[in-house]
Amino acid sequence: MRKTLNDENPVIAANIRRLRLDAGLTQGDVAAALGISHQQFQKYESGRNRLPFQVVPRLCDLLGVPMEELLDGVRT
């Protein structure tokens, strides 16, 4: 069976959390910078909601990492 991006939510979510903590940011800091609610960001970071692709470049800029680092461990 072929994996979908939704199958990778836990991997991406763990990467988001690790990179956010490495950057010394709170969930609220990131949510405010992205213009989304704290609750919505929590859902991305927990893997409950899929991170929209259009948010990825902004999140990478905020965290100071290349997209490849955010998606590390995602199988293509």
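These legends go with several views of one predicted protein model.

View 1. The protein has 5 helices and 0 strands. Read along the sequence, the pattern is α-α-α-α-α. The C-alpha trace spans about 40 × 25 × 20 Å along its principal axes. A compact globule of 76 residues would have a radius of gyration near 11 Å, and the protein has 12 Å, so the two agree.

View 2. Take the contacts in the protein with a separation of 6 or more: 57% of them join residues 24 or more positions apart. Of the 76 residues, 33% count as buried.

**View 3. The surface and its charges.** The protein exposes about 4,800 Å². Carbon and sulfur atoms supply 51% of that area. There are 10 positive and 9 negative side chains. The centres of these two sets lie 8 Å apart.

**View 4. Helix α3 and its buried residues.** Helix α3 covers residues 38-46. Which of its residues are buried? They are F41, Y44 and E45. These residues cover an arc of only 95° around the axis, so they sit on the same side of α3. What covers them? The cover for the buried residues of α3 includes α1 (9-22), α2 (27-34) and α4 (56-63).

**View 5. The residue just after α3.** Follow the chain past the end of helix α3 to G47. Here G47 takes a positive phi of about 85°.

**View 6. P10 in helix α1.** P10 has its place in helix α1. Is P10 buried or exposed? Its relative accessibility is 54%, so P10 counts as exposed; the cut-off for exposed is over 50%. Now look from P10 to E45. These two are 35 residues apart in sequence. In space, their C-alpha atoms are 8.5 Å apart. E45 is one of the buried residues of α3.

**View 7. P52 in a loop.** P52 lies in the loop between α3 and α4. Is P52 buried or exposed? Its relative accessibility is 17%, so P52 counts as buried; the cut-off for buried is under 20%. R20 is 32 residues from P52 along the chain. The C-alpha atoms of P52 and R20 are separated by 17 Å.

Methods. Residues numbered from 1 in each chain as written. Predicted model: local features only at pLDDT ≥ 70, side-chain atom pairs only at ≥ 80, totals over all residues. Heavy atoms only, no water. Helix = DSSP H or I, 4+ residues; strand = E, 2+ residues; numbered from the N terminus. Rg over C-alpha atoms; globule rule 2.2 N^0.38 Å. Buried < 20%, exposed > 50% of the residue type's maximum accessible area, 1.4 Å probe, protein only. Contact = heavy atoms within 4.5 Å. Areas by Shrake-Rupley, 256 points an atom, 1.4 Å probe, with all protein chains shown as cover. Lys, Arg positive; Asp, Glu negative; His and termini not counted. Charge placed at Lys NZ, Arg CZ, Asp CG, Glu CD. Arc of directions from axis to C-beta.
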